[in-house]
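Here are my notes for you on this structure, one topic to a point. Have the 3D view open as you read.

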Amino acid sequence: MTAGWFITFEGGEGSGKSTQAKRLADRLTAAGHDVTVTREPGGSPFAERLRAIILDPNLEKHSPLAEALLFASARADHLEQVIRPALAAGHVVICDRFSDSTRVYQGYAGRVEPRLLEALELIIVQQTKPDLTIVVDIPAEIGLARAALRLNAPAAQAPSERTAKQPRSLLADRFESRGLDFHKKLREGFLEIARLEPQRCVIVDGQRSPDDVAREVWAAVESRLFTEAR
Ligand code: TMP
């Protein structure tokens, strides 16, 4: 059993989950918790190197399984170097995307056999499953429009709104640039996971104002985690 809490944020492009991850971290820190905020793919130096490869918009056509293995490799390192040590030290770990993104992007909406992904998840994640997953839900059309705005006006996004230390690329990454049908499928996939795992997952409506979403996220954290005895 881990000492800390593991909270993940999931959702499609432009859902506002990174902003919400940061806001939750600030609120937990203000309440006196030790907090580690991180992201996937990435979160450790090695995994950030893999991120740069995986999301490179100029990448040659390659095998979907090979790509899934890179996500898995990045996750294995991130878990070993960052997530497990932080949890063992009693931190609340807030991760912007985790294994549900693999299930949805590579499996549900992608081209990798879900059973292979399940096997990889068992090997890599092991017991380090999220205690709580917040799915920030938004219609694909709206999320894509928001993501496009962010790309066109990168300076308008305050650095404090970014989860990770590195700036975003000025180009759409390989997943952002996929068509509307792919993004609709992503939304379905995240909602399906939340439906199948209601003890772990909470869906929040990402179309509401950031303040309203943050309130809903906080209510979920309080009711789902901090009332539980450990
Ligand atoms: P981000 O834009 O939220 O930082 O995520 C980077 C991209 O990587 C996003 O388009 C989703 C994608 N992704 C996957 O396809 N599989 C994964 O397992 C993860 C963590 C992210």
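**Notes on helix packing and the ligand site**

1. The crossing of α3 and α5 is right-handed; a crossing gets that name if the near helix is turned clockwise from the far one by less than a right angle, and is left-handed if anticlockwise. Helices here are DSSP runs (H or I, at least four residues) and strands are E runs of at least two, numbered from the N terminus.

2. Before going on, please keep in mind that this is a predicted model, where local features need pLDDT of at least 70, side-chain atom pairs count only at pLDDT 80 or more, and totals for chains, interfaces and linings use all residues. Residues are numbered from 1 along each chain as its sequence is written, and side-chain values use heavy atoms, with hydrogens and water left out.

3. How do α3 and helix α5 (residues 114-125) pack? Their axes are 10 Å apart, at an angle of about 20°; axes are lines fitted to C-alpha atoms, for helices over the stretch in contact, and angles run from 0 to 180 degrees between N-to-C directions. That makes α3 roughly parallel to α5 (angles under 35 degrees count as roughly parallel, over 145 as roughly antiparallel, 65 to 115 as roughly perpendicular and the rest as oblique).

4. On to helix α2 (residues 45-54): its axis and that of α3 come within 8 Å and cross at roughly 160°. The two helices, α2 and α3, are therefore roughly antiparallel to each other, and α2 passes α3 in a left-handed crossing.

5. The axes of α4 and α5 cross at roughly 160° and come within 11 Å. That makes α4 roughly antiparallel to α5, and the crossing in which α4 passes α5 is right-handed.

6. Now the ligand: 16 residues surround it, and the closest are Glu13, Arg51, Arg97, Thr102 and Gln106 (a residue is near if one of its heavy atoms lies within 4 Å). By class, this shell has eight charged, five nonpolar and three polar residues; Asp, Glu, Lys and Arg count as charged, Ala, Val, Leu, Ile, Met, Phe, Trp, Tyr, Cys and Pro as nonpolar, and the others, Gly among them, as polar.

7. Which side chains put an N or O atom by a ligand oxygen? For Lys17 the distance is 3.0 Å, for Arg75 it is 3.2 Å, and for Arg97 it is 2.7 Å. The protein covers 97% of the 480 Å² of accessible area that the ligand has on its own (Shrake-Rupley method, 1.4 Å probe). The elements giving two or more residues to the shell are α3 (64-88) and α4 (99-108), and α4 gives the most, with four residues.

8. Two backbone details deserve a look. Arg97, in the loop between β3 (92-96) and α4, has a positive phi near 80°. A cis peptide bond joins Glu40 and Pro41, with omega about -10°, and Pro41 lies in the loop between β2 (35-39) and α2. Most residues other than glycine have a negative phi, and most peptide bonds are trans.

Note on methods
Polar contact = N/O pair within 3.5 Å; in protein donor to acceptor, adjacent residues only side chain to side chain.
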